[in-house]
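Welcome, and thanks for taking a look at this structure with me. Have the viewer open as you read, and take the points in order.

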Amino acid sequence: MSINLLHRHVLDDHISGFETDPNPNHLSVIRRPVIFSVLAHAGREAEVAEALWNAEDVAPRFCGPSEWLAVSRTVGAETVAGMLSAIAGASVVDQSDGRVLMEIFGPSVRKILSRCVAVDLHPEVFEEGQSAAMLCCHATANVARTGADTFEIIVPRSLAGSVFEELMEMGREHALTRGFAD
Amino acid sequence: MTSYRLGSGGAVNRGQSLNFTFDGRTYKGFEGDTLSSALLANDQMLMARSFKYHRPRGVVTASSAEPNALMTIGLGSRAEPNARATVVELYDGLAAASQNRWPSLRHDFGAVNDLFSPFLGAGFYYKTFMWPGVLWERLYEPLIRRAAGLGKVTMQADPDRYEKSWAHCDLLVIGAGPTGLMAALAAGRAGIRVVLADEGFRLGGSLLSESAAVGGQPAAEFAAEVVEELASLPNVTLMPRTTVFGWYDDMVFGGVERVQKHVASPSPDLPMERLWRIVAKRAILAAGAEERPLVFGGNDKPGVMTAGAARTYLNRYGVAVGGKVAVFTNGGSGYRTAADLLAKGVDVTAIIDARPQSADPVPDGLRVIRNGSVIATNGRHRIEGLIAERSGFEEVIGCDALAMSGGWSPIVHLMCQRGTKPVWSDEKQAFLAPDVGGAFVAAGSAAGHASLGDCLKDGSAKAHAALDSLGRLVGSLETPEVEGEYDPSFAPLWYVPGARDKAFVDFQNDVHVGDLGLAQREGFRHIEHTKRYTTAGMATDQGKLGNVNAAGIVAGMRGVSPAEIGTTTFRPFYTPVSFGALAGTARAEHAAPVRTSPLHGWARKNGATFVESGLWYRSAWFPREGEKTWRESVDREVLNVRANAGLCDISTLGKIEIFGQGAAEFLNRIYSNSFLKLPVGRARYGLMLREDGIVFDDGTVSRLSENHYVMTTTTAYAADVLAHLEFSAQTFWRELDVRFVSATDQWAQMSLAGPKARIIMSRVVQEDISDTAFPFLAVRDVTLRGGLKARLFRISFSGELAYELAVPAGYSEAVADSIMDAGREEGICAYGVEALNVLRIEKGHVTHSELDGRTTPDDVGLGRMMAMQKPDFIGRRLSTRFGLTAADRLQLVGLKPIEADKEIKAGAHLLKDGAKPSMANDQGFVSSACFSPTLGHFIALGMLKSGRERIGERVMVWDGLRGSEVLAEVCPPVFVDPENRKLHL
Amino acid sequence: MASLITCPHCGTRPKEEFSIRGAAAPKRPSPTAKDEAWHRYVYVRDNPKGRYQEYWHHVAGCRRFLVVERDNLTHEVFGVTDAAEFERAGAAE
C-alpha cells in the first residue's frame, strides 16, 4: 500500500468557512514555511551567526546566544537543510512541522500585539529585522519585526490554536481578518 | 427646592439630556454629568444607608474617595455593586440602585441599629458573640453579614470581555490636573514617550472646577487647549478613564481603563475594561490632594460635604448643592467655595471659621463666625440646620447644605505601596510622599503644593528634572499666570469638641471618635491595631477620607504628633479593581492555553474522549457503539492490544534532540545507568536521578549517529528535563560540547503494539523490520511507502511487540489513517492513555505514580540501573546514604485481591492482616490500580515496607477515605509475560 | 502585577518568562568530596534577607540560566549575568 501524503495544517480547524478580503489589519498564516533550529557548538557561535546572516533565502531569527531559527518561505526544506548543514560548527534540526508561522500586519498591529506580548515593540526599541524569543499569548514564541507595521510570529504547533484564537480575540477591536497566505 | 441645576454654566452638555433611574424612579441629567451630580441636580441628596448603623447618607465628595454614595449600577448580569456615584459617568438608560437598606432607602428597617448603637461600638462582635464558638460561623457571622454591608454581587456570569495590555514610556504622568497637564506638556514637547493617565472621563482635574483664570482664560478652557495640544503629539498617549492603581517592582504601574463602562450599549468587539501594565522609565505622581472632612457631631448628615465637592458640583456640573449653604472651615477653601456660590447666586448663610482670625477676603454681607464650631446638625434625611457654638453660646443656623473643609491631604498612596511610609510635615500639617529615589516623584498638590500657580510650576519643573535625568532636556520652563488665586492655607483641626451626635471619622465603616478612643483604652494603640479593631480605613475606600483625621485624633488622644502615629500601610489597589479586569481573557476554556497533539484530529474522528494532562488534551479512550462505561471501552482496547494490535498517540512525550562530541559523556552523567557504549541505531531505557538520589524522570535515549541522540521524557516532565539538561550543561560541565533543542512539536509519535504489530507496520514502512533486521530496542530512519521519511523505534511500554513511529506532525493524521487501514484485517484498534495505563500496570512498568519524588531506583526494582562504577552522575553521591539503602524501605510489589471480585483502589494504605488502621501500623500504599481484563480481576502496584521479601504474604488494603477494606496477596509486580517473551517476538 | 528582569541576551522581560531555581552560590562538589560537603550542597541553604544571587532560567526567552543578583526585600536588581559566565568567573577566582 502507499500512504496518501496529505499534509494538514494545525490551523485548518481554526480557519474555515468563507474567506473575506483582508482588512488593513490582517493575520496571515503561512502554510508550509521551512523552519530549522540552528545550534552553534561551543566557541563557534560567532561564525555560525555570521554564516547564517549571510545565507541566501533564509531569514535568521534570534533565539539565544547559540540558537537561532532559520526561516524560509521561498525554498524547500532539502535545500535549506543542505545549506545549513554546510555551516561549520552548527547542528540543525528541521522544525518545519513543529512550528507555525504567522504574519500580522496593519496600522494597528502594535496596539494588537501590546495585548499579546510584554516587550516594547516601538520601532526605535525593536527595530526592523530584529527578532527575539518571548511570551506571546502565554506561549513561547519567536517574534520578528519584518516591516514597519509587520511582525512575524513563530509558535509551537501544539499551542498554535490557542495563540491564534487569542490573537484574533485581541484583534477584534481593530477588525483583524485572517487567512492562509497560500 | 434645595439642591438644583443652575440655569447656566458648568462643563455639561445641556443640549444632550440623558434619562436614568435611581431606585426605579426616572430622572434626567446631562452628558458630562456624573451620577452624583445628576442626582443632586434632581434634588436627590439621600443616596445611601451607612454600613453599620444604617444612617441616612448623602454624597460627601465629588471624587474617587467617596465613602458614602455607593450604589449598584446596571441590571442583571451587568449589575455592579459598590460603584461610587461620584465617578460613575452618566449614560442614557443607566440604572442605579441604593444598597444596604430594606424595604427602601427612605424607610430602612435596619436603622434600629442606630438606636442600639451604644452596644455596637468598635469590636462589639468580638465581645458579644464569643460563646459558644460553634455559633460564630453558623449564626453570628451570617447575621452580622446580613445586617451590615455593602452591595450584593450578582451570581450571573459576566457577559463582557476584558483584556490586558502593556504600555511602555519614558515618562508616566499620573493625574491630568494642572500639575499633570503641565508635566505632560513639557515632556511631550521635548519629544519623549509620555503616557498621561487620569481616572476621570475628562482630562483637566481640578482645572475643570476652577473659577480662577489661567493664562488669561477660564481654567477649563486652558485645560482643553493643553489637552488638544497633547493629543496632537504622536509621542504622547492620553489615557482618560484610567486609574493607575498600583506601583510595582521595576517601575511597572498597574492601571485599569474603563473602556465601555459609560456606554449605554457596549460593543462586543471592545472590552468592558482593560488592565494596563505600564512600564515607565520615570513617573510623576500628580494625583492631587484630598480635602479632609471636619470631625464634628452629626457630620454625616446628608447635605454635609467637603467644600471642594460643593465647588466642583457648582463650577463643573452647574449644580447648587443647596439653596442655603453654610460653610464650616479651618482654612481658605471654605471662603473660596462661599465666594463661588455667591457669585452663582446661591445663598450662603454663614461661614463658621474654627480659627480666631484669618486674612481671607469675606464677600460683602456674608456673616463669619470666627472661633466657632459646629456641634450638631438637624434634620434626618437631609440637613435642615446646624448648631454653631462660640465661647459657650449656641446658635441655630438654618441651612440645607453644609460645606466643610478640614485642610488638604496630598494623595501619596502610590508612592507608599512598596514599603516606604509617608512622612509627616508639621509645616504642611499633612503626610507627604516619601523619597523613593529619583525615578518616581510627586508633583503639585500631591507633593504638598497648595496654590494653583505653584502646582502648574511644579508640574513643569518635575518634568524638566525627568527630562534632564533622561538626557533629553530641551527648552526652558514656561508657566502660565493665574488670576484669582486664593490663600489655600489652613490651621489644623482634628476634632471639634462638644459634639452632640456621633462625630464620624470613617463614614464608610461608621467609625466615630468614640470608637477610636475605645480602641486606645482597650490597648489597640498601634494605628494598624486601631484600624483592625475599629475598622477605620477598611473596605472599598480604604480610608482615603478618614485615615489622616484618624491619625490626627489618635495623636491628640495620646498627646503626641501625628508623625508618631503614622498611617496604616498603603497597598494596591488604590481604588477597587474588578476581577474581570484582573482575569482578562483567561476565563472558562481560555483559563489556560490548550496544547493539542498532531493526532488530535485523528483521535477526534475516531471518537476519542479526551483527558487534560497538564496543558495537553490526550485521547483517553475510544468508545464504540453499545459501550456504556469507560471501563468497557478500556477493557476492549487492552484485550485487543494483547490479542491483535492497537495504535496509541504518544506525541505528548517530550522529545529532545542532543548534539555534540560531549553528548555521550553528558548523558552518562545525567542518567544513573551507562550510556557511553550505546551503539548507533539503538535505544536504551534510562533513569535520571535528582542530586539527592531520588528518581527524577525516566525515558529513552536513542543514538541516531555518533554525536546525535534523541531523548524522550515523560509528558509531565518534558519541560523540567530540558531545563535540567540546560542547567547541567551550563553550570556543571561547561567543558562538554553538547547542545539541545526540543523537537516535541515537530514529531507526531504513535505506538503500534500487539502481536500483529510487525505485520501491520511492515505494510507501512519500506525497510525490513524482521526481528533480525530490527530487533528489540533498535532505532532507525525509515521511509514510509509513499516516500515520507520517518523514525522507527522498537520500544514497548505495553509489554507487547511494539513499535514507536515518529513522523513529521503535519503528516501524522494521514499516516495514522494508513496504519489503521493496514491493520483492519488484523483487527487493529485505537487505544488511549487509560488502556495504556492498564497495559503498563499489567506489565509492572512504573510511571510517576511510583516515581513520586520519594523513590530510589532500588525501591522500584531498578537497582540494577545504578552504574556505580561511573565516577560521577547526578544523584550518585547521595544514593548510598544510609536512609536510602535501609532494608525496611517501601519497595515496589504487585497486589491482587484474595477474593477475585474485590476492587483495589489507588491511594489506599497497606496494613498487616488484622492490624488496626493507624500511622504506626502503616506498611505502605497502593500507587496504581486497575481492573486487568487480561487476568479478569483487579490488580495493583504498591509500595510496601521490605516488599520484595514479602511475596505471598496477605495484607489489608485499607481505604479509610472511601471506606473499604480488601484483603490482598503480595505478588511480584509483573503480572503479564514476566519472561519478556512478547518483546522479542 | 509584574517585575522586570533585564536578560543580557533578550533585554527587559517580565518575570513570567522566568523560572527561579534558587541560590546560585552553592557549587556542586567533586564526586569525591566529603559527605558533609555534599550534604551542605544538597540540603543546606542560607535564607538571607537582602542581597542575594539566584539562578533564573529564561524559559520563555533564550532558555539560558542567568544569575540575578538582587535584594530579595526590595527587589532592587544589581546585575544579571549568564550562568556560564558566572561559573567561569567563580572558577577563575
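This is a predicted model: local features need pLDDT of at least 70, side-chain atom pairs count only at pLDDT 80 or more; totals for chains, interfaces and linings use all residues.

1. Let's begin where the chains meet. On the chain B side, 41 residues are in contact with 41 residues of chain A. Elements of chain B that supply two or more residues to this side are β9 (162–174), β34 (595–596), β38 (654–659), β42 (739–742) and α20 (812–822). Which of them gives the most? That is β9(B), with six residues. By class, the chain B side that touches chain A has 18 nonpolar, 12 polar and 11 charged residues.

2. Three strands form an open sheet in the order β34-β36-β35, and their pairing is mixed. At the edges are β34 and β35 (609–613) of chain B; each has a single partner strand, so one side of each has no neighbour in the sheet.

3. β35(B) runs antiparallel to β36(B) (residues 616–621), and five bridges join them. Ser613(B) has Trp616(B) of β36(B) opposite it. Helix α21 (residues 833–843) of chain B packs on the sheet, where it touches β35 and β36 of chain B. The directions of α21(B) and β36(B) make an angle of about 70 degrees.

4. The same helix has a helical partner too. α21(B) and α16(B) (residues 630–643) have axes that come within 9 Å and cross at roughly 55 degrees, which means that α16(B) is oblique to α21(B). Their crossing is right-handed. Trp630(B), Val634(B), Glu637(B), Val638(B) and Val641(B) of α16(B) meet Glu834(B), Ala835(B), Val838(B) and Leu839(B) of α21(B). What classes of residue make up this contact? There are seven nonpolar and two charged residues, with no polar ones.

5. Finally, turn to another helix pair in chain B. Helices α7 (residues 307–315) and α8 (residues 332–343) of chain B pack at about 25 degrees, with their axes 9 Å apart. Because angles under 35 degrees count as roughly parallel, α7(B) is described as roughly parallel to α8(B). The crossing of α7(B) and α8(B) is left-handed. Among the residues that meet are Ala307(B) and Leu314(B) from α7(B), and Ser333(B) and Asp340(B) from α8(B). This contact comprises four nonpolar, five polar and three charged residues.

How values were computed. Residues are numbered from 1 along each chain as its sequence is written. Chains are lettered from A and ligands numbered from 1 in the order in which they are written. Two residues are in contact if their C-beta atoms, placed from the backbone, lie within 7 Å. Helices (H or I, at least four residues) and strands (E, at least two) are DSSP runs, numbered from the N terminus. Ala, Val, Leu, Ile, Met, Phe, Trp, Tyr, Cys and Pro count as nonpolar, Asp, Glu, Lys and Arg as charged, and the others, Gly among them, as polar. Two strands pair if DSSP finds at least two bridges between them. Axes are lines fitted to C-alpha atoms, for helices over the stretch in contact, and angles run from 0 to 180 degrees between N-to-C directions. Angles under 35 degrees count as roughly parallel, over 145 as roughly antiparallel, 65 to 115 as roughly perpendicular and the rest as oblique. A crossing is left-handed if the near helix is turned anticlockwise from the far one by less than a right angle, and right-handed if clockwise.
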